[in-house]
Amino acid sequence: MMGLMASEETRTMTPPTVRSAAAQDAGKPGGAATRAWTMRLLVLGIVLSALNLRPAITSLGALLEEVRAGLGMSGSVAGLLTSVPPLCFAVFGVMAPRLARRFGAGAVVCAGMAAIATGLLVRPYAGGTAGFLAGSALALMGIAVSNVLMPVIVKHWFPDRVGSMTGLYSMALALGTALAAAVTVPLTDTLGGSWQTGLALWAGLAVAAVLPWLPFVRGRATPPGAGEEAAGKPRTPSPASPSASAEHARVQAPRLRMARSRTAWALAVFFGLQATAAYITMGWMAQIFRDAGVPAGTAGLLLAVTMVMGVPLAFVIPRLATRLPQQGPIVLALGVCGLAGYAGLYLAPAAGAWAWAVLLGVANCAFPLALTMVGMRARTGPGVAQLSAFAQSTGYLISIPGPLLVGVLYQHSGGWGLPIALMSALMIPQMVVGFLAGRDRTVEDEAAR
């Protein structure tokens, strides 16, 4: 896989004057070896971080019925709980570029992983719904800043491999999502049947993700790629240590008025609608199958199948997207799969459960596609940072009502007909704005002051 990534020539908007740091270090004494070590550590950090970006959510989805019973939640309150992730992503994600300018992107991601570990460990034992929500919010805060900074780090360190690296961490993200969905219930049963233990055990994975980022913590920094890249100048990081790289250049990046860009808005709405579908799926799909008579363990496996579809496709789709002049056809294909999956859930949720799980898993690959388009719709690292923060924060705000509304409709209608109709209806505008976001243009042309 790494060999494929090394040979890729992606179609990104990186200026020709921006060279990879590896090439710049090649002629320096000891630079190549230091650089190789740094890049391996960075790839490991990206993969481990991506593995931690969804277990906080899908592990809860697998045990939602037990958590509801243990905390005395109604369907509406459970819907509120499934809306907390996009709310936190919107509120905290917008802070990520500012934090990265002050402390460095590596340091912020490191702190984010520590927040995930702490939140996951605390929330099951905090006592009551309010404490559970507070612990979840802490974990989700760490996820939010990492969500925003991953495309930025990829654009800075791997400017000629945006598609491959986006695919790699999207694969890891999908794997972590699927793993939590598949094994949370069996592990909970093995460890005595306590849902608290079943949720808390995922803190260990987050602790492991902290370690590769520790060498990147020292010193303050602008976001990756800021300043010199924005000016069209090649970056010249010192090979002495990861913390002395260009990530720590003290140059302020130019600001773009994202609200002026139609492309930025289209990408933000597309991001929001795909996130709505994803969090409804992660929060409620296992419950849909359980209500249709599917055993709890099998329902968790079905959710895992939906999530694991993103493992191969999250690597293929970004690579394909970077080779196409427009990404609209991919958006439409994923949307058709989503509509077919929702139709199946409505007509025969138990009889065709495995087929519907696969189709919805394909549809959920709109997420790695959206991340890839973030990297392609801006020319520079600073542009990617600003577009990533705008698209993800605005998108997650848009996605907040969806899971909550599904919980309300489920409670008051007594079934899944109306919630599934809502999911299907939202897929249509997702396809429209995704097609617009996939057009071949950049936000710098539309949003420059």
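Helices (H or I, at least four residues) are DSSP runs numbered from the N terminus, and their axes are lines fitted to C-alpha atoms over the stretch in contact, with angles that run from 0 to 180 degrees between N-to-C directions. The model is a predicted one, in which local features need pLDDT of at least 70 and side-chain atom pairs count only at pLDDT 80 or more, while totals for chains, interfaces and linings use all residues. Residues are numbered from 1 along each chain as its sequence is written, and side-chain values use heavy atoms, with hydrogens and water left out.

Select residues 96-103, which are helix 7, together with residues 105-122, which are helix 8: the two pack at an angle of about 120 degrees, their axes 7 Å apart. L99, A100 and F103 of helix 7 make the contact with A105, A107 and V108 of helix 8, where contact means heavy atoms within 4.5 Å. These residues divide into six nonpolar, no polar and no charged.

Next, select helix 14 (residues 296-308) and helix 17 (residues 353-363), whose axes come within 7 Å and cross at roughly 35 degrees. Among the residues that meet here are L301 and V305 in helix 14 and W354 and L360 in helix 17. The residues of this contact comprise eight nonpolar, three polar and no charged.

Finally, select helix 21 (residues 417-437), from which four residues, the largest share of a nonpolar patch, come.

How values were computed:
Nonpolar A, V, L, I, M, F, W, Y, C, P; charged D, E, K, R; others polar.
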